[in-house]
Amino acid sequence: MYRGTRLKYVSTRGQAPVLGFDEVLLTGLARDGGLYLPKSWPHFSKTEISSWRGLSYQELAHQVLKPFVSDTLSNNALKKIIIEAYSHFSSDTVVPIANLGNDEWLVELYHGPTLAFKDIAMQFLGPLFDHVLTKRGERICIVGATSGDTGSAAIEALKNRSNINTFILYPHGRVSEVQRRQMTTVHTANIHTIALQGTFDDCQDAVKALFNDHAFRDKHNLSAVNSINWARITAQITYYFWAALKLGAPDRPIAFAVPTGNFGNIFAGYAARRMGLPIEHLVVGSNSNDILTRFFSSGKMEISDVHTTISPSMDIQISSNLERLLFELFNRDGNKIQEILSEFRDTGRLEITANVVKEASQLFDGARFDDSETKKLIGAEYKRSGYLLDPHTAIGVAAARQKRRHSSSPMAILATAHPAKFPDAVENASGIRPELPTHLKDLFIRKENINVLKNNLNEIKSFIEQRINI
Ligand SMILES: *Cc1c(COP(=O)(O)O)cnc(C)c1O
């Protein structure tokens, strides 16, 4: 049993107030521009982790999440939220695991309502927000940027919650049609989408700017559901424990390969390791937006233009959650993080010292695959095993195969989306057009509501002020 004191949260830039879990949930980005992290990592012994074998996904989530939320939720409240969160998944086990042979395993995170792994955290966030807001008698306005999947997952999780207005910014013309329709065909009064004329990074910058405008932020009680929100990361830690336990942990070490964009998903793996799970290797898979791959091999980060690819949820140059890892690598020195990130902002470059790169590369590796390599893998894997991979997951598989260190340890690859979420790319690569599951069969005939806005902060602000309505 976890016996720590009630966990508090600190900002990676060291200047924002120390907060409890409910405040971190509602705050999103810290006031000093940093991201929240637990003040210390909860830790579980090997015996405790072993004792969780055989638990259901929901029971395991309860064990893993408890230490993070204990200052905010009673055991009973946490249990209820978890049960509601995972009641809308089409698989009884929530996260099934498929064998590709050669001790390679696909951790299928895509059985939620919007067919991407984001549902796992977002379906948890919906009832969690509801609980916390009801208890505090508050309303919030959520503003989020999406490269496609976060937006639909947030909208699905929040669409009928009367204490939450939700504004989602997505890059106009740069998300798949399924992704767009999942966002623009939900017509409840509290859901608003903005098709921004720009890239995902522009959307993310606009959201950050809204949060840094403290007057606007306070007036509308802004809150975030991007992966900068710590509560999302906590919910993602569960499936690392889930997969590892199924594959023989904690008695044997496990490697994970993760198709990566904003570094939120893979950071949850890092967190699981800090909590005692024997993860020996974390492989970052990138598309041609390969800033992270270059970072893990050289310690240098240099921004270039965002490339549009067939894995749009990874078309990102600035991976926000990397800040959390940097904070750990620099021994939690908030001033140092402030310094290197403001330099990165100003110059588009960042370089960390060789010893820090070396430390990071003991655990992390990065591998990059362009669209043609990704398509080739989708086609080849379909022929070989009959498994139809979505383009994001295919990058995870390719990265796992290129960087695997120990053939004696299982390699778990996070399958982050259902192939039917990206039907054109998958058909083009494999000749097979994946079908949408039953609950989404009529998606292409649902009425859409699209609001195109210029990449201009004042326009975005006035749109929000006009639409806020509850
Ligand atoms: C969001 C997303 C990713 C990237 O996850 P991060 O947490 O941003 O690294 C990968 N694949 C899919 C399908 C996604 O939706």
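Start by selecting helices α6 (149-158), α10 (230-246) and α11 (264-274): each supplies at least two residues of the lining of the largest cavity. Helices here are DSSP runs of H or I with at least four residues, numbered from the N terminus. You are looking at a predicted model, in which local features need pLDDT of at least 70, side-chain atom pairs count only at pLDDT 80 or more, and totals for linings use all residues. Residues are numbered from 1 along each chain, and side-chain values use heavy atoms, without hydrogens or water.

Keep α11 highlighted, as the largest share of this lining, three residues, comes from there. Next, pick Phe117, Lys118, Gly261, Asn262 and Ser313, the closest to the cavity's centre among its 25 lining residues. (On a 1 Å grid over the protein atoms alone, a cavity is a set of points where a 1.4 Å probe fits but cannot get out; lining residues have an atom within 4 Å of a point.) The volume, the space filled by probe spheres set on the points, is about 260 Å³. Now zoom out: the whole structure holds four cavities of 30 Å³ or more.

For the last stop, select α5 (residues 118-136) together with α6: their axes, lines fitted to C-alpha atoms over the stretch in contact, come within 8 Å and cross at roughly 35 degrees, on a scale from 0 to 180 degrees between N-to-C directions. Show the side chains where they touch (heavy atoms within 4.5 Å): Met122, Gly126 and Phe129 are among those of α5, and Ala153, Ala157 and Leu158 are among those of α6.

Definitions and conventions. 1 Å grid on protein atoms, 1.4 Å probe; cavity = no way out; pocket = protein on both sides within 12 Å on 5 of 7 lines; lining within 4 Å.
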